[in-house]
Amino acid sequence: MVTGIDSNLLLSLYGARSGATGTRSNTPTKKVAPSAPWTRTVTPAETSAAVKAALQGQRLVNESSAQLDLPGASADYRKLFALYQGLSVLGDLASEVQKRGLTSVERMRFQQAFGRGMAEVGEYVKTAKLETVRLTQGEAASSVKTNAPVAATKTEYVTRPLSSGSSADSVVRFQGDVRFSMAVTRSGVTYDININLADMGATTRSMANVVNHVNDKLAAAGVDTRLATVRIPGQDKTTTVGGKTVSLGKQPDQWALKVKTNGESVSFSAPANAGSVYLAQSVGNPNPDGKADTADGVVRQQILKFQTDTVGVEAPVQGADEANWVDGRTFARTLGAEVKTVRATQTGPDGSVYVLADVTDKTAGQAIRGTQDVALLKYDTAGNLVFSRTLGASASATGLALAVNVDGKVAIAGSVSGGLSGAVEGAVNSGVAGAFAGQADSFVTVFNADGEELWTQRRGARLADEASQIAFGPDGSVYVAGRAKSALPGASALGDWDGYIQGFGPPNSQGQVSSRFSEMFGTAGADRPAGMVMDGGSLVTASVENGRAVLRRYDVSGAAPVLTSTRDLGDLQGGDITGLALDGGELVLAGSTANAGLTGGAVTRAHAGGVDAFAARMAADLSAGGRIAFYGGTGDDRASGLAVTGGQVWIAGSAGADLPGQPSVGTKDGFLTRLDVNAGAVAWSRRFTGKEGYATPGAISVDPTGSTSLDRLGLPLGALDFRDSQKLVSASGLRPGDQFGVRAGSGRTTNVTIELNETLETLAQKIRRASGFNAKVTITSSEGVRKLSISPQIQRSVIEFSAGSAGRDALELLGVPAGVVRGTVVTDNGTRPADGKPQIYGLGLPAGLNLSTDGEIKHAAAEVAAAMGVIRKAYKDLVTAATPRSQQAAAQAAASGPVPKYMTDQIANYQAALARLGG
């Protein structure tokens, strides 16, 4: 007969494994610490009551509610338990808010209660005086490093992948007439090296052979610059069969070129060039399952380059690794998943391409502060990123307009909500916080040719407003057009959304920028500016007003704008305006319309049916006359981008069912066309698609000389620019005026403020001084990035970093965790602080935790749970320290000694019972 299993068996087994005293142990134990709050089960009613109290604004951390069951116990236990209970309520808030059925108002109450609780916990950790432990809300580390991506000096340039297979295989891109020149400068002397792949004769034009051919030329010229091949290992190739992933081996290796300059200056040129168009588009099926209530689509942004003629330049060819290729396409670069939308593109005077995008996460190594930020991206003619600049909005920002001046300055505009400090040359602009920062406000930012911010202005109406058009004036002034839901300061509103124009600058001798004027226009309905150009001292706008296309011309040469003419082209009938440009003294307006009778002038190409794209040419003074040409088929064809240069009008857009001479390719196609408005002729046209048969083109820009034989080798036209700004506000989302605190030991906290021209060098010196030179701050370089490394100057030093105010914290974007940096020593009791004082426990609790989104809720819950674990660790260490050594030794002996006979008998009976059940 099987003996019954003692109910204390599992507890005894656990005690034997963990070292705790078993129920049958004869060793007496003495209670050395009060029972911890996590040793008892909390009922759902207690949880609900705690959450309700928090929502009503009651304090979360309450020492009087932390009852100790051991008389004379240290007050440190009470404080740890009170803090643990406060954290527990924060965790309960994060759990409860995830329940379904909460209204937006209820979710806001949870968010507010969580924010109050976080602030309370942070203040308690900062002010609580414990005798045997030390707490910090952040991390406790021996050293920290910044991760703001300040670029180190580069000496190498790597192209996009050019071929697949082996480096000995013939490369299709290298065939034909491929000639170019390299100008290499060393020690002030420039060496010109002409390269012609025809000189290779019958030798296979493979990656390896072309590299050897070019390197022989470079060596003969006596320079150190060399080319090399870069192998990109093939990725795993898989497919799905019956719901399971099946491996199909690996993709072939890809190969790229690398230019190793060895510190020399290198520039590329070619004997012939052709026109090029850069186009931004989104690709991918936005709704694969066909259900409106699911978000299963993966849509990515791309930048495409098209070569638009072949005079003296070989036409682009399709590589083995290029999907959805179309005749004339040079490359298609897919941007990172963080790039949500590309709003505008412009070609710079050096041939580079500027891209204005909205990003939702870290981009090019730069962290963003809010949920969405604006990024200015600069690419060379080969599609390689030259630099990235983020705006640094504390909540959310949207970029809507981009302009590049002839001197290389770049201006962007859009809307911003939440905090955004501004910069002027050499000083913080204190007047840009926005009178109504709770609403979306218009912003304008100007950068120099190196991508360094010169100034930012924020202007806001009482209700929402945004700047959607921007242009440089001939004297360096900047003009914007936008819309507002209420009156801007100094202007009068007319109706719903009204248009506005504003003028800024140029900066004065101190770099200060002032608003020259604000003027609103429109109708009683919803109006939207959709284009703007400068014509000498006049400004011309194009707007959609009550569904009609309306142009206005203002004289802005004086102190206030003067409306000199207006022209109404008629009802767009569900269409839109894409853009406005100035070309050869004429205005060019583009858009989409179902109205075949727009009054843009004489029709040179007829409307085909449905919604068609159109382009109209007219006098810059808006006088009667002009020409208008439509482009489309019988379906709906909508324009999305306009670019004009040298009399050529380029339009990109979404194609409908049919286009003249352009058969369908995918489910949703895009088009790019050159339209001769005067003749009503289509001079060049392509229809194309993207991933999963979906392509939605957006903004375009044109470079009449941007395509050369260098495109075939993935090399850029012009100089290899390895210089990047060393300013922190350029290399990250930091803004002038952002702060963090530094304290050494028990001294007072000193605020460190980021300035416009801050670099790693100047910041390092500020940290040294703020710490009373207790911090050792050095600059290191690794993988092309420079960082600050911070550690105690001497082992006994303790340096504390604290976050700046909400929306102005510099630590987050520097990548330095709030908390303590201290030296440590190893003792018999483990690792201890080197200053000989109590152990420091870092809760690792970021100050910016919130419950705003599902992702943030999960993140907050995980961080709070981790912080509660730190409190349990501190309690365990206190218990260990309070336990007499004799009692610890007895517990260890009991845990490691022989198993008593009664236990072996019970285990045998347990095993026999299991065997019978199994039989």
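Predicted model: local features only at pLDDT ≥ 70, side-chain atom pairs only at ≥ 80, totals over all residues.
Where is Asn546 found? Asn546 is found in the loop between β32 and β33 (548-555).

Residues are numbered from 1 along each chain as its sequence is written, and side-chain values use heavy atoms, with hydrogens and water left out.

**Stop 1: backbone angles in loops**

Keep Asn546 selected and inspect its backbone. Asn546 has a positive phi of about 55° although it is not a glycine. Most residues other than glycine have a negative phi, and most peptide bonds are trans.

Select Asn262 next. This residue lies in the loop between β12 (254-260) and β13 (265-269). Asn262, which is not a glycine, has a positive phi of about 55°.

Then select Gly505 and Pro506. The peptide bond from Gly505 to Pro506 is cis, with omega near 5°. Pro506 belongs to the loop between β29 (498-504) and β30 (515-521).

**Stop 2: Thr541**

Select Thr541, whose place is in strand β32 (residues 538-545). Is Thr541 buried or exposed? Thr541 counts as buried because its relative accessibility is 0%. Buried means under 20% relative accessible area, exposed over 50%, and partly exposed in between, with a 1.4 Å probe and protein chains only.

Now display what surrounds Thr541. Leaving aside neighbours within four places in sequence, Thr541 is in contact with residues including Ile501, Phe521, Met532, Val550, Tyr554 and Leu580. Contact means heavy atoms within 4.5 Å.

**Stop 3: the largest nonpolar core**

Select Leu83, Leu87, Leu90, Leu93, Phe114 and Leu845. These residues have the most contacts inside the largest nonpolar core, which has 47 residues. The elements that give two or more residues to this core are α2 (44-55), α3 (75-96), α4 (104-127), β1 (133-136) and α9 (854-882). The element that gives the most is α3, with 11 residues. A nonpolar core is a set of buried Ala, Val, Leu, Ile, Met, Phe, Trp, Tyr and Cys residues joined through side-chain atoms within 4.5 Å.

Centre the view on Leu90. Not counting residues up to four places away in sequence, Leu90 touches Leu60, Phe114, Gly117, Met118, Val121 and Val864. A second, separate core of 30 residues includes Phe174, Leu197, Val259 and Phe722.

**Stop 4: helix α9**

Select α9. This helix has 29 residues and reaches 43 Å from its first C-alpha to its last, close to the 42 Å expected at 1.5 Å a residue. The expected span is 1.5 Å times one less than the number of residues. Among the buried residues of α9 are Ile857, Val864, Met868, Ile871, Tyr875 and Leu878. The buried residues of α9 pack against α3, α4, β1 and β54 (839-842).

**Stop 5: salt bridges**

How many salt bridges does the structure hold? The structure holds 42 salt bridges. A salt bridge is a side-chain nitrogen of Lys or Arg within 4 Å of a carboxyl oxygen of Asp or Glu.

Select Asp253 and Arg231, whose side chains meet in a salt bridge (2.8 Å, N to O). The pair links distant parts of the chain, with Asp253 in the loop between β11 and β12 and Arg231 in strand β9 (residues 226-232), 22 residues apart. Asp253 is partly exposed, with a relative accessible area of 21%; Arg231 counts as partly exposed at 48% relative accessibility.

Go on to Asp711 and Lys305. Their salt bridge has its closest N and O atoms 3.0 Å apart. Asp711 is in the loop between β44 (695-707) and β45 (718-719), and Lys305 is in strand β15 (residues 300-307), 406 residues apart. Both Asp711 and Lys305 are buried.

Finally, select Arg617 and Glu586. Their side chains meet in a salt bridge (3.2 Å, N to O). Arg617 lies in strand β38 (residues 612-619) and Glu586 in strand β36 (residues 586-593), so the pair ties together parts that are 31 residues apart in sequence. Arg617 is buried, as is Glu586.

Note on methods
Helix = DSSP H or I, 4+ residues; strand = E, 2+ residues; numbered from the N terminus.
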